[in-house]
Structure formats: C-alpha cells, structure tokens
Amino acid sequence: MSELNLSVLAYRADHFHKTISDRTRKVYDRVASVYPASTFFFHSKAHRLALEMSEIENGDQVLEVATGSGEMFRRLLKRNPDGVNVGFDLSPNMAAFTERRVRREFPDARMLLQAVDARHMPFRDASFDHVVSCYLYELLDHDDIHKTLREIRRVLRPGGRLTVILIGQNDPMFTEGYKVCGRLVPAFWGRLVSNRMPGWVEQAGFRIEKDRSTRQGFYPSRVLVAQRQA
Amino acid sequence: MAISKELLEILVCPLCKATVEMKPNGSGLKCVQCHRVYPIRDDIPVMLVEEAKVED
C-alpha cells in the first residue's frame, strides 16, 4: 500500500460521474499486488455461491468481466478446465498481475487475459455461453452500467447466462458506512447499486432466474443469475 | 506472444468490431478495417482504444 498515490484516491465525489473510468483504472493499477487480500476476506464465499448458481459446465466458453486479481478467474479455470476462459480488467497492471498468477497455477489452460474497457468489448457477437462479473457495477456510473450490460448481451449467445455479484444493501449499518467510504474514495469504493440492478439487468434484455444473498463477516453480497433473452 | 487460433477468432477491434490480426512480430493486434494496433504488453493484449496507434 506504500506506493499508493493519495492524490489519486482522494477525489471529490462530484467528479465521480465524469472521471470514474480513468480514475478507477489508475487506482486499481496501483493496488494490483495487494488487492487479493481484500478479496479473500470479503468475497470468497460469494464467489463460491455464484459459481454454484451459474450452472457453468466443463467445456463452456466463459468470459469474466473485470477479473481484478483473479480469485474468481482461478475458480473458473478449475471448474471449466476443458473449456475456454477469457477474462479482462480495465487496469493493464491488474490484468498482467492476474495473468502471471494464474499462468503459474494453470500453465496449460485455454485462457486469455486482456486489458479491456467493458463498454467496448473486443469480442464477436454471441461468443460466450456465460459471462460473470463480480463487484464491478458499484464502480460504474449509470450510463456505463447500461453500456456494459448491452455489450454483455451482445457477446453472450441467446439463452446464455450472466452471473453478477454485487455488494448487498440489506444491512443498514454497512450501507451507511459504505456511503462514507464512497464519498472519500469514489474511484476505489464507488457506491451501492444492488437494489437497482435487477431492474437494469432486465431492461437490458435478460430475465432474472436466481437471486440470493450471502454474508462474509460483516460484508453482504448479492448474487444474480440472468438469462439472455432472444 | 502467441494467441491460439480459437481465441484469435473471437477477438475483434473494440471500436469498429472488425477482425484483428496478430502482427508478424507479435507486438500487437491490428484491426483490418481501421488499422489501429493494440499493443501486447507483459503478455496482455491491451485492447483499449486510447492505447492504440493507427498504422498504415
């Protein structure tokens, strides 16, 4: 954490809308090597639940949007060793960190990690059976959430499934604490969106099939599985 | 960097969605339509429009 540039982190909330993408990339470029710890303590239970709910089968073509430090991507490689696993992150440093980490563990995997802006995905239409994204939408503004969902729909085959993990909003104390963090460091924390996501996902051409909540310590998560409508 | 044929087949230019081809020296992926070259750094294709350079 010593190399963190605080001037990048401490950014005013009223600038959130215009600059989140660029700021988020810079912040996550800097925290790439220490990010796995927070994922281990707060996200691993939800990752397991999401994988179980996703119905991903060995041999599928799977895309993870915003791989972060690769905790979920490693789980995807274990579950889908004979399939194709593609992942990306907006931060090139984070994507490179994850590539090195998972390549050591899975040297022969059919996988590709890239640096990609989720609003402009470099994949052909209907390339994937499943798309997974974990704790991403909190960091995107309203327009970018809709652009990202449209791109996910485009790259999913008809009938394919989107599995989303969100930070839960079912604990008032956690929600209030998160609001404070989000105001202080919006590019890292973003803001909570899980109450509004089911509506936005359906608006983008999906049907919500599963919706479950879980908790790891004080940290609430919500998992949605949605099917792409034709 | 080597990208398998099956993975290269699903990749397109993020801007114009046209086919991309690996440059002969493996340094990047070039769009056949807009001629943007997306660099490959640390074995990672950087498919960000702002990082691409247009080449003839």
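Colleague: How much accessible surface does chain B have?
Modeller: This is a predicted model, where local features need pLDDT of at least 70, side-chain atom pairs count only at pLDDT 80 or more, and totals for chains, interfaces and linings use all residues. Residues are numbered from 1 along each chain as written, chains are lettered from A, and side-chain values use heavy atoms, without hydrogens and water. Areas follow the Shrake-Rupley method with a 1.4 Å probe. Carbon and sulfur atoms hold 49% of the chain B surface, and the total is about 2,900 Å².

Colleague: In what order do the elements of chain B run?
Modeller: Helices (H or I, at least four residues) and strands (E, at least two) are DSSP runs. Chain B has one helix and five strands. From the N terminus, the order is α-β-β-β-β-β.

Colleague: What is the radius of gyration of chain B?
Modeller: It is taken over C-alpha atoms, and the globule rule is 2.2 Å times the number of residues to the power 0.38. For 56 residues the rule gives 10 Å, and chain B is close to that, so it is as compact as a globular protein of that length. Its radius is 10 Å.

Colleague: What share of chain B is buried?
Modeller: Buried means under 20% relative accessible area (1.4 Å probe, protein chains only). Chain B has 56 residues, and the buried share is 46%.

Colleague: Which residues touch the most other members of the largest nonpolar core?
Modeller: A nonpolar core joins buried Ala, Val, Leu, Ile, Met, Phe, Trp, Tyr and Cys residues through side-chain atoms within 4.5 Å. The largest has 46 residues. The names are Leu63(A), Val65(A), Phe123(A), Tyr137(A) and Met197(A).

Technical notes
Buried < 20%, exposed > 50% of the residue type's maximum accessible area, 1.4 Å probe, protein only.
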